[in-house]
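Biologist: Could you walk me through this structure? I am new to it and would like to begin with the ligand.

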Amino acid sequence: MNKIVTLDEFIIRSEKETPHSSGSFSRLLRDIGIAAKIVNREVNKAGLVNILGVEGSTNSTGDDVQKLDMFTNEKFIETLSYSGEVCGIASEENQDFIPVKNATNTGNYVVVMDPLDGSSNIDVNVSVGTIFGIYKRVSDPNKPCIIEDFLQKGSQMVAAGYILYGTSTLLVYSTGNGLNGFTLDPSIGEFCLSHKNIQMPIAGNYYSVNQGYYLKFDLEMRRYIDHCSDLNYRLRYIGSMVSDIHRIMFQGGIFLYPNTRKYPKGKLRLLYECYPMSFLIEQAGGTALTCKLERVLDLEIKSLHQTSSIVMGSRDMVRDMKEFVEKYGVVV
Ligand code: AHG
Ligand code: MN
Ligand code: MN
């Protein structure tokens with residue numbers, strides 16, 4: 001029988017392979033694992049404890065009802081703040097970044113996150129996820145963090161990952177040296193290495209896009225989507241990017257959230273959604289571009305909540321998409 005490798009063990013082993021590692025980064029990754037377990041517990045009992053529902057209303061015992069996305073946000077912020085390794089957090093749920101005050105250490109890293117991705121799925125018992133990215137701070141380590149610590153390109157990320165709260169709970173992450181997945185074993189309460197060195201198929205037959213917006217897409221995207229349909233690719237769109245990407249990661253495919261007339265610059269957030277997911281897709285051998293064919297990880301970021309169009313997935317499928325843009329689109 002193969003020995004089980006837990007997330008903590010894996011992190012410690014990887015740390016040993018990194019010369020001069022201070023252990024600080026490892027502790028941070030472990031804390032993300034802890035926050036994920038807490039959130040997982042709440043996601044699983046959401047229906048039972050009335051965590052679903054409208055934020056601001058009160059439950060039967062008079063407590064404030066907190067929506068699961070706010071709960072998740074708070075839990076991650078709390079855990080990361082106590083960790084001592086982080087000097088600031090930027091979350092999709094907060095307008096501004098949150099500086100972390102710590103008496104002993106101001107922390108060398110900042111974390112960016114979409115605490116609950118696919119929030120429209122919460123109330124209907126469908127898979128949701130968490131997305132995170134980690135940067136090394138660029139500001140003076142003896143002072144509070146500043147906006148420039150967060151406004152770094154995706155290519156500067158030192159790690160990224162997602163947690164999928166699905167039929168089982170999985171944590172997939174990369175420190176830029178391959179991609180590994182860990183499945184939560186509820187009987188021992190540990191994330192266990194289940195998917196080693198994930199490489200996505202170079203092509204597949206799934207496409208994932210909100211086809212309801214078809215008429216709002218640019219011509220080249222419509223042509224490409226017609227092509228997917230012509231080839232009998234299977235359309236799957238859960239409305240939670242983590243879940244949609246997770247399928248593509250293992251079965252091959254392409255995910256598109258193009259710019260629309262309503263969102264001329266795209267809807268998905270660069271810092272919390274596009275950068276981390278593109279980082280992971282590239283680590284798995286895939287490609288992530290904007291609809292103007294720029295590499296997502298190289299995009300300039302000017303504000304925390306900046307959005308982008310995105311097309312990512314299996315290498316050969318993104319290459320095909322590129323041909324449609326070159327043929328029918330206007331490339332910058
Ligand atoms: P969030 O729940 O964090 O706001 O993100 C939802 C995102 C993404 O996960 C999903 O693919 C997309 O928005 C769904 O948007 P549409 O309903 O416009 O397709
Ligand atoms: Mn999201
Ligand atoms: Mn969200």
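**The ligand and its surroundings**

Modeller: Domain 1 (7-195) and domain 2 (206-328) each give at least three residues to the shell around ligand 1; the domain bounds come from an automatic or database domain assignment. This is a predicted model, in which local features need pLDDT of at least 70, side-chain atom pairs count only at pLDDT 80 or more, and totals for chains, interfaces and linings use all residues. Residues are numbered from 1 along each chain as its sequence is written, chains are lettered from A and ligands numbered from 1 in the order in which they are written, and side-chain values use heavy atoms, with hydrogens and water left out.

Biologist: Which residues come nearest to ligand 1?

Modeller: They are D117, S119, Y213, Y237 and Y257, out of 18 residues around the ligand. A residue is near a molecule or strand if one of its heavy atoms lies within 4 Å of it.

Biologist: What kinds of residue make up the shell around ligand 1?

Modeller: Seven are nonpolar, five polar and six charged. Here Ala, Val, Leu, Ile, Met, Phe, Trp, Tyr, Cys and Pro count as nonpolar, Asp, Glu, Lys and Arg as charged, and the others, Gly among them, as polar.

Biologist: Which strands supply residues to the shell around ligand 1?

Modeller: At least two residues come from each of β3, β11 (254-257) and β12 (268-269). The largest share, three residues, comes from β3. Strands (E, at least two residues) and helices (H or I, at least four) are DSSP runs, numbered from the N terminus.

Biologist: What about polar side chains close to its oxygen atoms?

Modeller: A polar contact is a pair of N or O atoms within 3.5 Å; within protein, one must be able to donate a hydrogen and the other to accept it, and residues adjacent in sequence count only if both atoms are side-chain atoms. The side chain of D114 has a polar atom 3.0 Å from an oxygen atom of ligand 1. For N210, a side-chain N or O atom is 2.8 Å from an oxygen atom of the ligand, and for Y213 the distance is 2.7 Å. Ligand 1 taken alone exposes 470 Å², of which the protein buries 85%; accessible areas come from the Shrake-Rupley method with a 1.4 Å probe, and for residues, only the protein chains shown count as cover.

Biologist: Let us turn to the sheets. What is the strand order in the open sheet of eight strands?

Modeller: The order is β2-β1-β3-β4-β5-β6-β7-β8, with mixed pairing. Its edge strands, β2 and β8, each pair on one side only. Two strands pair if DSSP finds at least two bridges between them.

Biologist: How does β1 pair with β3, in the parallel or antiparallel sense?

Modeller: β1 and β3 (residues 109-117) are parallel, with five bridges. β1 (residues 86-91) is mostly covered, as six of its six residues are buried, meaning under 20% relative accessible area, with exposed over 50% and partly exposed in between (1.4 Å probe, protein chains only).

Biologist: And on the side of β2?

Modeller: There the pairing is antiparallel, with two bridges between β1 and β2 (residues 98-99). G88 has P99 as its bridge partner in β2, and a hairpin of six residues joins the two strands.

Biologist: What about the β7 and β8 end?

Modeller: β7 (residues 179-185) and β8 (residues 190-195) are antiparallel over five bridges, with F182 opposite L193. They form a hairpin with four residues between them, and G189 in the turn has a positive phi of about 65°.

Biologist: Why is one side of β10 and of β13 left without a neighbour in the sheet?

Modeller: These strands belong to an open sheet of five, ordered β10-β9-β11-β15-β13 with mixed pairing. β10 (234-235) and β13 (287-289) stand at the edges with a single partner strand each, so one side of each has no neighbour in the sheet. Further in, four bridges join β11 to β15 (residues 310-313) in antiparallel fashion, and I254 has G313 as its bridge partner.

Biologist: Is S309 buried or exposed?

Modeller: S309 counts as buried because its relative accessibility is 8%. S309 lies in the loop between β14 (307-308) and β15, and a polar atom of its side chain is 3.0 Å from the backbone nitrogen of C291.
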